Amino acid sequence: MAKNLFEGTEEQMQKLLNCIGEHRNDPGALMPVLHEAQNIYGYLPAEVQTVIAEKLNIPLAEVYGVATFYSQFSLYPKGKHQISVCLGTACYVKGSDKILEVLEKELKITCGQCTPDSRFSIDSCRCVGACGLAPVMIIDGEVYGKIKPEDVDGILDKYLKD
């Protein structure tokens, strides 16, 4: 299992504190603060969630609950190359779960994680609207359709060369 260690800077923390200060007294301050925190850090590590909870004077469980409820938030850092595997019905029926298994095995991480070198991260999604190309995998916005598990290595090779 890949271990992602949080490494924030003083500059990032100051931006976060400024954002919290701007929104502290606003009703519903948590959402804009979480959005800005994710923009600052690229994800919402536990350390950042703790600061938000303390400075907004709300329970950490509430911050975590909101961060995990909405799909636009991530608790893990994203890699240089972001991989998304569609697990919508058409893709799943055509074997996208097998594509995901191969990716996890090759990159030695599970869905939602980032490789230790920050090169790749894997996520799943529920439908990209390309059902005619099922199963579909997207890397950095490039769509790969009608792929088979044995195609994954060749596709990853393109991204390993840079």
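User: In what order do the four strands of the open sheet lie?
Analyst: This is a predicted model, in which local features need pLDDT of at least 70, side-chain atom pairs count only at pLDDT 80 or more, and totals for chains, interfaces and linings use all residues. Residues are numbered from 1 along each chain as its sequence is written, and side-chain values use heavy atoms, without hydrogens and water. Strands (E, at least two residues) and helices (H or I, at least four) are DSSP runs numbered from the N terminus, and two strands pair if DSSP finds at least two bridges between them. The open sheet has mixed pairing and the order S2-S1-S3-S4.

User: Which strands are the edge strands?
Analyst: An edge strand pairs on one side only. That applies to S2 (120-125) and S4 (142-144).

User: Which residue in S3 is the bridge partner of Ile83?
Analyst: S1 (residues 81-86) and S3 (residues 137-139) run antiparallel and are joined by three bridges. The partner of Ile83 is Ile139.

User: Which residues in H7 meet H6?
Analyst: Contact means heavy atoms within 4.5 Å. From H6, Ile99, Val102, Leu103, Glu106 and Leu107 take part. Their counterparts in H7 are Val152, Asp153 and Leu156.
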